[in-house]
Structures are given as C-alpha cells and as structure tokens.
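Visitor: I would like to learn how to read this model. Where do we begin?

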Amino acid sequence: MASLLAERGAVVVDADALAHEAIGPGGAAYGPVIERFGPAIVDGGGSIDRRALADLVFADPDALADLEALVHPVVLDAIDRRLAAEGATDHVVVVVIPLLVEVGWDGADRVVVVDTPEDVAVRRLMERRGMAEDDVRRRLAAQADRSTRLARADHVVTNDGTLEDLRRRVDALWEALVGSGRASGR
C-alpha cells in the first residue's frame with residue numbers, strides 16, 4: 001500500500017527497510033545482534049541470514065524480545081531523523097511501521113491500519129514468501145491482535161481483494177490524508 005501512496009505523492013519512510021539497514025553490515029544493530037545470537041546467523045558474505053535469525057526468534061519469545069530490544073530503538077531513531085529532515089512541509093509523510101502497536105510509537109498525526117483477514121494474510125505469505133503455514137501463524141501470533149491494531153487506527157484500509165480494489169481504497173484514503181502533515185501506515 002505504501003507504494004500506492006508514494007505514486008500519489010507521499011513521502012514514505014519504511015521501518016522494515018530501516019530494520020534491514022540496522023542489521024546489515026555496518027548497521028548500528030549488526031554487532032549487537034550477532035553478539036546476542038551468535039555467528040551461526042551470519043551467512044558466507046558476512047550478512048545476517050534473516051531467515052536463520054527468524055527461525056531462532058519466532059521459536060523463542062525471549063529471543064524475540066531480545067532482538068526487538070536491539071533493533072527497535074535503532075529503527076525508531078532513524079524514523080525520527082528522517083521526519084526531522086522532512087521538516088515543516090506540506091508533504092504527506094507515510095511512516096510504515098508493521099509493529100506500530102508493539103513498539104508504541106506515537107509520532108503520527110493519524111494512524112492508518114491496513115486490515116487483512118488472517119486467512120488471506122496466511123495464504124498470501126505462504127504464496128509470496130514460500131513460508132510454511134505454521135511459520136506464518138507463529139509470526140502473526142507474535143504480533144498485536146487485530147482488535148488492538150484496529151483500536152489504534154484513525155483510518156482503516158481493508159486489503160482483502162484485488163490490487164484494483166486496493167487502489168480504489170487508497171484513492172479514498174489519499175483524499176482523507178491530503179493536507180495532513182504525517183500519517184503512519186500498517
């Protein structure tokens with residue numbers, strides 16, 4: 001959905017991309033993550049093997065909490081710096097934070113939740129990422145539940161159909177956001 005908003009002129013700040021930078025070689029969380037989880041998570045090229053790391057943390061809630069404690073502050077700091085760089089503009093800035101509720105970030109004027117029924121989300125992740133159903137469900141279970149996410153929303157965009165359905169819904173959202181200084185998406 002963020003790419004559809006970018007097509008309409010939004011400035012997009014993506015927490016997942018910032019997290020990848022944070023754990024990449026030279027990133028602020030790279031060394032601490034390796035120190036915590038060991039050299040077995042490093043691939044032959046010196047990068048953190050995200051799949052190996054995910055296998056560890058989604059099997060152990062304490063390990064997941066440790067990873068989040070190492071990465072989330074780095075990502076939130078990067079988001080704050082990017083927003084400060086935007087300054088006082090008339091841009092719609094969309095901060096995509098899939099774990100908005102979990103990290104407790106409150107830097108948005110408005111929060112947009114992209115709501116997808118669980119069965120649709122599971123099917124899509126299995127198809128797009130080649131993940132096993134139990135892996136997908138374990139990851140979803142580690143996130144805030146649907147009602148908690150929806151309670152945080154100022155706007156809800158349902159993503160349960162075709163790309164054209166989503167485009168129409170994003171058009172309506174864009175109309176609601178134009179003139180806003182910041183929006184946060186999930």
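Guide: Start with a definition. Buried means under 20% relative accessible area, exposed over 50%, and partly exposed in between, with a 1.4 Å probe and protein chains only. A salt bridge is a side-chain nitrogen of Lys or Arg within 4 Å of a carboxyl oxygen of Asp or Glu. For charge, Lys and Arg count as positive and Asp and Glu as negative; His and the chain ends are not counted. Now the case: Arg149 is buried but has no salt bridge.

Visitor: Which side chain of opposite charge is nearest to Arg149, and how far away is it?

Guide: Asp115, at 4.4 Å.

Visitor: What is the source of the coordinates, and how are residues counted?

Guide: This is a predicted model, in which local features need pLDDT of at least 70, side-chain atom pairs count only at pLDDT 80 or more, and totals for chains, interfaces and linings use all residues. Residues are numbered from 1 along each chain as its sequence is written, and side-chain values use heavy atoms, with hydrogens and water left out.

Visitor: How do I read pLDDT here?

Guide: pLDDT is the predictor's confidence in each residue, from 0 to 100. The protein has a mean of 89, and 95% of its residues reach 70 or more. Helices (H or I, at least four residues) and strands (E, at least two) are DSSP runs, numbered from the N terminus.

Visitor: Over which residues does pLDDT stay under 50?

Guide: Residues 179-186. The model has 42 contacts for them beyond four places in sequence; contact means heavy atoms within 4.5 Å. Where pLDDT is low, the predicted coordinates should not be read in detail.

Visitor: Back to Arg149. Which backbone oxygen lies 2.7 Å from a polar atom of its side chain?

Guide: That of Ala144. A polar contact is a pair of N or O atoms within 3.5 Å. Within protein, one must be able to donate a hydrogen and the other to accept it, and residues adjacent in sequence count only if both atoms are side-chain atoms. Arg149 itself sits in helix H9 (residues 146-152).

Visitor: What does Asp115 pair with in a salt bridge?

Guide: Arg146, at 2.5 Å from N to O. Arg146 belongs to helix H9 and Asp115 to strand S3 (residues 111-115), so this pair ties together parts 31 residues apart in sequence. Asp115 is buried, at 4% relative accessibility. Arg146 is partly exposed, at 43%.

Visitor: How many salt bridges does the rule give?

Guide: The count is 13. One of them joins Asp77 and Arg81, with the closest N and O atoms 2.3 Å apart. Both residues lie in helix H5, four residues apart, about one turn of the helix. The general idea: an α-helix has 3.6 residues a turn, so residues three or four places apart point the same way. Asp77 is partly exposed, with a relative accessible area of 41%.

Visitor: Which residues do salt bridges that share partners join into one network?

Guide: Take a separate pair before that. Asp160 and Arg169 meet in a salt bridge at 3.1 Å, N to O. Asp160 has a relative accessible area of 38% and is partly exposed. Arg169 is also partly exposed, at 32%. As for the network, its members are Glu7, Arg8, Arg167 and Asp171.

Visitor: What are the buried residues of helix H2 (residues 15-23)?

Guide: Ala15, Leu18, Ala19, Ala22 and Ile23. They cover an arc of only 130° around the axis, which puts them on the same side of H2. Their cover includes strand S1 (11-14), H3, H4, H5 and strand S2 (93-96).

Visitor: What happens at the start of each of these helices?

Guide: At H2, a side-chain oxygen of Asp14 comes within 2.8 Å of the backbone nitrogen of Asp16. At H4, a side-chain oxygen of Asp49 comes within 3.1 Å of the backbone nitrogen of Arg51.

Note on methods:
The arc is that of the directions from the helix axis to the C-beta atoms.
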